[in-house]
Amino acid sequence: SLAADQTVTNDMTGLVVDSVSFTGTNSNYKHFVITGNSITINSAINDSGDNVLDVDITLGGDVTMTESSDSLGTSIGIWNGAARTLNTNGHTLSVAGPGASCGVGIYAALSGAGGFSSSLSSFVLFGSAATSFTGSISASAGDLLVSNSSAFGSTNGVTISGTGSLYLGQITTDKSYSFPIT
């Protein structure tokens with residue numbers, strides 16, 4: 001178990017990886033943090049604890065993000081308050097996992113025309129400011145929590161099915177959405 005947060009700084013430019021994996025247990029709510037230069041991820045993000053990707057991320061292919069524990073989950077783009085982006089780049093980020101209390105926080109501004117899907121049994125929080133995302137969003141399980149009225153950009157639609165749900169919370173001004181919610 002970690003006694004303090006552990007940070008790894010990516011000082012390489014143009015880094016492309018097949019996957020990013022966080023392993024081990026983390027019961028003290030301390031974080032493994034990856035910060036620094038942007039990373040292109042081609043296929044997977046695997047997490048077994050409460051960890052942070054505080055870098056700009058571009059999807060190099062369809063990426064599956066698996067939350068394998070019942071911990072707090074992964075945050076993307078939150079650690080030092082820097083403005084981060086998650087560019088789907090025409091690909092899909094799929095989030096899955098069994099943990100009932102394990103969530104994912106997407107604090108990076110979404111961009112690109114790819115997709116986002118979730119079958120995570122707990123929640124995915126979208127907390128970013130205005131985005132340029134134009135892809136599709138779906139949830140077949142768990143909750144999609146939106147804490148900023150512009151977090152979905154101008155998506156071409158949000159589809160909720162199975163046991164999925166959509167919560168529009170912490171939005172303090174009237175907002176009209178120009179995309180379908182089904």
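Me: Before we look at the core, how is a nonpolar core defined here?
Reply: A nonpolar core is a set of buried Ala, Val, Leu, Ile, Met, Phe, Trp, Tyr and Cys residues joined through side-chain atoms within 4.5 Å. Buried means under 20% relative accessible area, exposed means over 50%, and partly exposed lies in between (1.4 Å probe, protein chains only).

Me: And what kind of model is this?
Reply: It is a predicted model, in which local features need pLDDT of at least 70 and side-chain atom pairs count only at pLDDT 80 or more, while totals for chains, interfaces and linings use all residues. Residues are numbered from 1 along each chain as its sequence is written, and side-chain values use heavy atoms, with hydrogens and water left out.

Me: Fine. How many residues does the largest nonpolar core have, and which have the most contacts inside it?
Reply: The largest nonpolar core has 32 residues, and Val 124 and Phe 126 have the most contacts inside it. Strand β4 (residues 39-47) gives the most to this core, with 3 residues.

Me: What is Val 124 in contact with?
Reply: Leaving aside neighbours within four places in sequence, Val 124 is in contact with Val 95, Val 104, Ile 106, Phe 116, Ser 118, Asp 143, Leu 144 and Leu 145. Contact here means heavy atoms within 4.5 Å.

Me: Where does Ile 137 lie, and which residues does it touch?
Reply: Ile 137 lies in strand β16 (residues 136-139) and counts as buried because its relative accessibility is 1%. Not counting residues up to four places away in sequence, Ile 137 touches Phe 116, Leu 144, Phe 152, Thr 155, Gly 157, Val 158 and Thr 159. The C-alpha atoms of Ile 137 and Thr 92, 45 residues apart along the chain, are separated by 9.4 Å.

Me: Stepping back, what does the secondary structure come to?
Reply: The protein has 0 helices and 19 strands. Helices (H or I, at least four residues) and strands (E, at least two) are DSSP runs, numbered from the N terminus.

Me: What share of the residues is buried?
Reply: Of the 182 residues in the protein, 43% are buried. Among contacts with a separation of 6 or more, 41% are between residues 24 or more positions apart.

Me: Let us turn to β5. Which of its residues are buried, and on which side?
Reply: Asn 51 and Leu 53 are buried on one side, and Val 52 and Asp 54 are buried on the other, so both faces of β5 are covered. In a regular strand the side chains alternate between the two faces of the sheet.

Me: Which strand pairs with β5, and in what sense?
Reply: Strand β3 (residues 32-36) pairs with β5 in the parallel sense over 3 bridges; two strands pair if DSSP finds at least two bridges between them. Val 33 stands opposite Val 52 in β5.

Me: How many salt bridges does a search of the whole structure find?
Reply: The search finds 1 salt bridge, defined as a side-chain nitrogen of Lys or Arg within 4 Å of a carboxyl oxygen of Asp or Glu. Arg 84 forms a salt bridge with Asp 54, and the closest N and O atoms are 3.1 Å apart. The pair links distant parts of the chain, 30 residues apart, with Arg 84 in the loop between β8 (74-76) and β9 (85-87) and Asp 54 in strand β5 (residues 51-54).

Me: Are those two residues buried or exposed?
Reply: Arg 84 is buried, with a relative accessible area of 16%, and Asp 54 is buried, with a relative accessible area of 0%.
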